[in-house]
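Please read it alongside the sequence and the structure shown here.

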Amino acid sequence: MVLCIAAVLPFPADETIDQDLPACWNMALVLTDGWYSVYAVPDAPLASVLWKLHAKSSIVGTKLATWNASLQNSTEGIDPLECAIVREGQWKNPLLAKEDLTQWPYLQMRYNSTRFVGFDARLGVEKLHYKANPRHRKQQVTFSLLKSVPLKSLEIGGGMVRSVRIRVIRISPVLHLQAKEWTLGPRILCEDQLSLYFELRSKYARAVMEKKRQQHDVSITEDDWLGDDYIDLPPPIPFVKVDVECTHSPASEYKGVGCGILTIWRPSEELLSGGLREGSEYFATSLTVNWKLDGGRSQDAFLRLSSTKHSGFEEVDDCVSLGDNETKDIAKTESACVDIQQATMDYRANFEEGLNGRRNEQRPTIDVCVCVVMVATRESQSDLSSAVKKQAETSLLDPDIKPKEFRYVEHVFVTDESYHLMSIRVSGMEVSMSKKKSNSPLKRAASSSFVFRRGSKNIWKEGTILCLSGLEVSHYDEQLRVLDCVLVESTQIVSFPSKKSSFWDHFHFLQRETGSVSAHGSESQASRTSSQFAKELEQLKKYVERDILRTNFVPSQECDEHHVAVVEQERLTQDLQAHEEVGSRATTEQQGDNTVRRHLRWDAKVTKVQPLLGASKVMFPRDVIAFACVSMGTDDPVFRTVYLTRTVMLSMQTLLEEEAGDAEQKTDGDTKTETDLVQLITQMLNKMKNIVFRLEVRQSTNERLMNSWKPWERLHASYWIAETVAVPTVK
């Protein structure tokens, strides 16, 4: 809907409020559609933008288009003429209301789904219109407000975005993510690894049933076997990773200012069978922002987006497409097969020298057709990082029968018609079940070792020609003159491409060079070309053995691929949480794993307690219901803001009642609402102003927001939370 700003209501500041809080903290608006009025409370990023604009020039009278705004303090709705905004004689901030909150409803507005519109925009609810959809042979509901928002303008914690205009650069194959606590084998599985996973899952289920049989001394026959349903392991969740680029109209002059990865959870069959195509433009709706790397104004921005249960994709019509010829050219260059020499030159130009402003955390991906020169000896990865050990500690699998994992990496050296060398790191995992002697009829003679590896055993052999799509480039080694790449889960391996594929010309050329297929000319000419290519392969093989494998090469930090894989898994977990919770409070829930804690003990007086309302709730965990301004010291007091959980509030109420001698009239705090509990404690503090509390506090830090260039993000990146409260003993 489109609403007009009638007033800006800042939150009144006094001496008890922490002076570090910005002026836009808990600000409110009065919005109108020309007939009725309503209060509105913007979230932190939206409040920061509105306050800066209002300080320069009054924003009263301007119009806003907002979507996905939720009505607070009223679950069933209320007559607009019966609200306090009409009945009260003067407008005031709705977060100051303490009694009868149902009379103080307000809209919770989110930054990602709120933008300014022109003065000619029609006030009120938007009228949806219908559009013919040839794929469904029926009409599709579409809209015009907030149809396209630049990717660079989106923020973490700003809620869902209604629609963004993107170009699909690359689509990964269907992958599957296991739950962190119930991981068997690799956490991210490819389609060709699912059968091996379910075999391992069945083996683990049999081991669990066998252990219970021994504990309870119960005989179990083959007919009693319930299969995998015997254990409560959640199935892996399918997802697709899509590389996207912003094609919003104002951003067309600055290529690459908005790009990222869109994770689509549980993709439908329609979407997989042609609903998304590489090189096409779409309006993607109902997305959440889970990660952002922004270099500032006029710099590149990289985002990680996640789909929700209400996400949809509407293809952009050709008549409104921006630069159709340019779009086709980009699609061709993105999906074209390149040789190793060209890939090396592109990497050094675009990602090391930083041309075109495309430096971001996303590694470049290439499509190559190569011939295997040599496969190095398998190297084990015995030294696990702290992130891997922490992930193992959170596992809920039975430690007695939990499969043992052996991680390894293989370096495959390849080349092509350019005779340049490339190294591909192929990671694998060997999972083995503990072998125990048992007379149970459930035990079978099947092998207890499972090897998870990309491609079949015969694929990584000397002289094999492979087509790799979506191969990630790690770095270029100047000393060894090798382009180092990584075979990730989203990389597609093709042994024999079709003639319509971009790999066909390169594949057919390498076949002729290696002598797999005779050339169109004479057999003697084919033998001469194959012998020449064989000599080059032999020279490259000697170079790898002599100058690379025998060198005590110390890998750089970029080569820690296992740590990179674990970080990618953690971010996928965050994306999944945002998908399950529809982006409502996913950002707050994700701070648990990336929190740096510091514990302190404060002896302080509580000067003021207020409930946590409005946009401030989104920035903190669910159990935090209020914040207190405390003063430490007597001569020169220092004020600090501490956030309180419901447990701490109830403990504070008990301590105040004991100090006041009202233990007999103790009230049941569990039945009180947050506002009632804060009001009760405030009344007690007014009676006992000299009471001192001993607070055990810890500092929580959100690393994602700590290095942000936006002031409001840095402000909320670090805060103090009280864990316990007590009254210090006077000696």
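**Glu462 and Lys541**
- In this predicted model, Glu462 has a relative accessibility of 48% and therefore counts as partly exposed, since that class lies between the 20% and 50% limits.
- Lys541 is also assigned to the partly exposed class, because its relative accessible area is 21%.
- The side chains of Glu462 and Lys541 form a salt bridge, with an N to O distance of 3.2 Å.
- This pair links distant parts of the chain, the two residues being 79 residues apart.
- Glu462 lies in the loop between strand E21 (449-453) and strand E22 (465-477), while Lys541 belongs to helix H9 (residues 523-548).

**Arg165 and Glu281**
- Another salt bridge joins the side chains of Arg165 and Glu281, at 3.0 Å from N to O.
- Here too the pair connects distant parts of the chain: Arg165 sits in strand E10 (residues 161-171) and Glu281 in strand E15 (residues 281-294), 116 residues apart.
- Arg165 is buried, because its relative accessibility of 6% is under 20%.
- Glu281 is buried for a like reason, with a relative accessibility of 5%.
- Arg165 and Glu281 take part in a network of salt bridges that also includes Arg167 and Glu245.

**Other salt bridges**
- The structure contains 21 salt bridges in total.
- One of them is formed by the side chains of Arg546 and Asp547, with 3.3 Å between N and O.
- Asp547 is partly exposed, its relative accessible area being 27%.

**Ser306 and Trp265**
- Ser306 is part of strand E16 (residues 301-315).
- With a relative accessibility of 0%, Ser306 counts as buried.
- The side chain of Ser306 makes a polar contact of 3.3 Å with the side chain of Trp265.

**Helix H8**
- Helix H8 spans residues 504-514, and its buried residues include Trp504, His506, Phe507, Leu510, Gln511 and Glu513.
- An α-helix has 3.6 residues a turn, so residues three or four places apart point the same way.
- Gly515 follows H8 and has a positive phi, near 85 degrees.

Note on methods: Residues are numbered from 1 along each chain as its sequence is written. This is a predicted model: local features need pLDDT of at least 70, side-chain atom pairs count only at pLDDT 80 or more; totals for chains, interfaces and linings use all residues. Side-chain values use heavy atoms; hydrogens and water are left out. Buried means under 20% relative accessible area, exposed over 50%, partly exposed in between (1.4 Å probe, protein chains only). Helices (H or I, at least four residues) and strands (E, at least two) are DSSP runs, numbered from the N terminus. A polar contact is a pair of N or O atoms within 3.5 Å; within protein, one must be able to donate a hydrogen and the other to accept it, and residues adjacent in sequence count only if both atoms are side-chain atoms. A salt bridge is a side-chain nitrogen of Lys or Arg within 4 Å of a carboxyl oxygen of Asp or Glu.
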